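Take a look at the structure below. This briefing goes through it topic by topic.

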Amino acid sequence: MQYNFKDIEEKWQRSWQEKGIFKADPRSGKPKFYCLEMFPYPSGKIHMGHVRNYTIADVTARFKAMRGFEVLHPMGFDAFGQPAENAAIKNNTKPSIWTYKCIDWMKIELKKMGFSYDWEREVSTCDDTYYRWNQWIFLKMFERGIAYKRSSSVNWCPSCRTTLANEEVIEGGCWRCHTAVEQKDLEQWFLKITGYKERLLDDLKQLKYWPGKVLTMQSNWIGKSRGVEIFFRLKDSDTVIPVFTTRADTIFGATYVVLAPEHPLVKKLIKGTSREDEVFRFIEKVSKESKVVRSSSDVKKEGVFTGVYAVNPVNNETIPVWIADYVLMEYGSGAIMAVPTHDQRDFLFAKEHGLPMRIVIQSPVCGPQSTEEMTEAYEDDGIQVNSGQFDGLPNQEAKNKIADWMEQTGIGKIVTHWRLRDWLISRQRYWGTPIPMIYCSKCGVVPVPYEDLPVKLPENAPFTGEGGSPLGKVDEFVKVNCPKCKTPARRETDTMATFFDSSWYFLRFCSPKFDEAPFEAKEASHWMPVDQYIGGIEHAILHLLYSRFFTKFFKDMGMLDFDEPFLRLLTQGMVLKDGEVMSKSRGNIVDPDSIISKYGADTLRLFILFAAPPETELEWDDRGIEGSFKFLNRVWRIQDNLKDKADETVARVLHKTIKKVGEDIENFKFNTAIAGLMELVNAIYQSGADKEIFSKLILMLCPFVPHFAEELWELMGNKGSACVQPWPEFDPALLIEENVTVIIQVNGKLRSKVIVPAETGEEVLKSLVLSDEKLKPWLQGKPVKSVIVVPNKLVNIVV
């Protein structure tokens, strides 16, 4: 019988759907397992990155179901965002039409892969039944002072008259029209995530099953650091510039101060001076640069002298005050002390502008060095020099002593600094959740009443990509009566950042039809936290941080009883072709549809899992696909040559394989699990198999190649669906080898081998080995000092 993958896969996909095999039942009485992959943006076609992510999750979900868990494995779509607006403009359609069409395409492709989703729980963030709850959450945050509005700088295209995300700024210009991007201050909405900073940092300790790399990235982004705020007084003035540093050990080497162009003190410093015009021209120039460009390490840093001097408080030295593009208001206090000998960025800037340098930390290896000899900053540890009473101390010891001394003398204070900033959620876009606020000339800023939610997106918004938010051009949306005084008012026309949508979707999956709150507390209590979360490393910071923030907010509201949303996290590697990430621009895309058409979804699944461990990059290989297809056909042919009774050799291999595959799946070692299955198939081809052994092989294959396994399971005359059968049990007695090969060494060098019954006693082993004829040349005439025995493995004779 031929392996007709096309008919088989269509048959079992229909069967699973008709029988509701993957519908999660919270009242089943089984222990729960919530398996979730990061839901996709509906671009229309799935790519190999999707295939890899979702296949990893599907194996996990199917395996856990076979191990007796009630599995929740949902899927939905992160459907709002700028790409849909751009596609609507390009294709002369509406974002909603484009998005829902893409969702339909993606669902067809996801179902072709045989993924075990509970489609009854599907959510799309662009549905008003979903974003209604975004608005509800926002209002709750507003009531608690977490959502607030303030002025903030944004990337602005003066030609398109719209804001741009950082990734839409290409070489300082607008991605659409290439006009130079400017910085513009707008009143925008923020979420006070900084109010949760201590908990977000401390609770990382709870995440014992997250990759260490991700925990480090989260910790660094929150960025708690102990340092000193140093008071640089302006020369001949009482004005003080506070500067935060974590490197108090370098303060004696500070030879100039640098302010961000946006620093509020700048205008005061230069007003009425001869440098006023030059400085303003520089500020105007920098305002047209994106912060991405300004922060880039490979872009030349520019600056201008203010004409003003400050006093270094530790040595009363007069040092110049500069303004430079590489200093941003978002970091620290918007001012830095520059130590060019011990900070590479300051070193390059000082060299460019001929600023003074002084070494204050000396390398313990290289010894004394002059600034003229330096080709780069010395940023390692060393010994303090030119540092007054702290000379001769190791710099790490000096760091604390200098900080204490500055605090005691009042020239600085020890403070804790956080890198984390409040979360800007305003977007001047159409395709997002409308922010539910109203502006009234009498009542001020007024929240939309809960009973008026959702504030729906108007269908007739104009799309050109220019002229600010399309919502502002729809009178019937903008014009509204104030909920308080009933006089004419206007709606907020900003929409929410799409990260808002994805910060709680995992909770909505617990009760997607619930219409009294974002989620039903009872259902969330049952299913949450997510037991296994799977997604790309590119989301290791913001998405995970925001999801953790929302979870803590819901706990504070009494809606949840846990602190963290995801117990275990797996970040899968990229899929490469010819050494590069697959992308349309590189022309190295492999379309999953073409592979499914030629080989079937199960072959693609098998290759994706076998080619590399999940956490590492996977190099696409057409030969690997061919090999996976040949393996499935090899397994398929076993059914034609089954024995009435298999011998014990194959039974032993089977039970070792059951143990190995189960353990490997638990630990995401899918490639070695599949290798174990291949060894079992080899053993079957050598010694044969009966129906029982073949059926257990089929069950082990089921999480990896479910359509294939289902068909073979049915052909063997077995009852029920293979994927709801219990995982095979192994017999510990059959794991013990009857005979083992013991290596024999003389003075640690291999000299012979002997096959003996397993668990042969130590004295018997010694006797056998010492009488081995092959060892006589190595033992003759030499007294034996000792015989070291490692049971079932090795005997080492020391002479």
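Which residue's side chain meets that of Glu 120 in a salt bridge? Lys 23 does, with 3.6 Å from N to O. Keep in mind that this is a predicted model.

**Salt bridges**

- The count comes to 41 salt bridges.
- Glu 120 sits in the loop between α4 (95-112) and α5 (128-143), while Lys 23 sits in the loop between α1 (5-19) and β1, so their pair ties together parts that are 97 residues apart in sequence.
- Glu 278 and Arg 275 also meet through their side chains, at 3.5 Å from N to O.
- Glu 278 has 36% relative accessibility, so it counts as partly exposed. The cut-offs explain this, because partly exposed covers the range between buried, under 20%, and exposed, over 50%.
- Arg 275 counts as partly exposed because its relative accessibility is 28%.
- Glu 692 and Lys 696 form a salt bridge at 3.4 Å, N to O.
- Those two residues are 4 apart in helix α23, so about one helical turn separates them.
- In general, an α-helix has 3.6 residues a turn, so residues three or four places apart point the same way.
- Some salt bridges share partners: Lys 45, Glu 109, Lys 112, Asp 591 and Asp 593 are joined into one network.

**The open sheet**

- Four strands make an open sheet, and their order is β2-β1-β24-β25. Their pairing is parallel.
- β2 (70-72) and β25 (569-572) are the edge strands, and each pairs on one side only.
- From one strand to the next, the twist averages 20°.
- Strand β1 (residues 32-37) runs parallel to β2, and 3 bridges join them.
- Phe 33 has Val 71 in β2 as its bridge partner.

**Helix α2**

- What lies across the sheet strands β1, β2, β24 (532-536) and β25? Helix α2 (residues 48-66) does, and it runs at about 175° to β1.
- α2 has 19 residues. From first C-alpha to last it reaches 27 Å, close to the 27 Å expected at 1.5 Å a residue.
- Most of α2 is covered, with 17 of its 19 residues buried.
- Gly 68 follows α2 and has a positive phi, near 100°.

**Helix α23**

- Why is helix α23 (residues 691-701) described as largely enclosed by the rest of the structure? The reason is that 9 of its 11 residues are buried.
- The buried residues are Ile 693, Phe 694, Ser 695, Lys 696, Leu 697, Ile 698, Leu 699, Met 700 and Leu 701.
- Lys 696 is therefore a buried residue that also takes part in the salt bridge with Glu 692.
- The cover over the buried residues of α23 includes α2, α20 (622-636), α21 (648-666), α22 (670-687) and α24 (706-715).

**Helices α19 and α24**

- Two packed helices are described by the angle between their axes and the distance between the axes.
- For helix α19 (residues 601-610) and α24, the axes come within 7 Å and cross at roughly 120°.
- Ala 601, Asp 602 and Arg 605 in α19 meet Pro 706, His 707 and Phe 708 in α24.

Terms used:
Residues numbered from 1 in each chain as written. Predicted model: local features only at pLDDT ≥ 70, side-chain atom pairs only at ≥ 80, totals over all residues. Heavy atoms only, no water. Pairing = 2+ DSSP bridges. Axes fitted to C-alpha atoms, helices over the stretch in contact; angles between N-to-C directions. Contact = heavy atoms within 4.5 Å. Buried < 20%, exposed > 50% of the residue type's maximum accessible area, 1.4 Å probe, protein only. Salt bridge = Lys/Arg side-chain N within 4 Å of Asp/Glu carboxyl O. Expected span 1.5 Å × (residues − 1).
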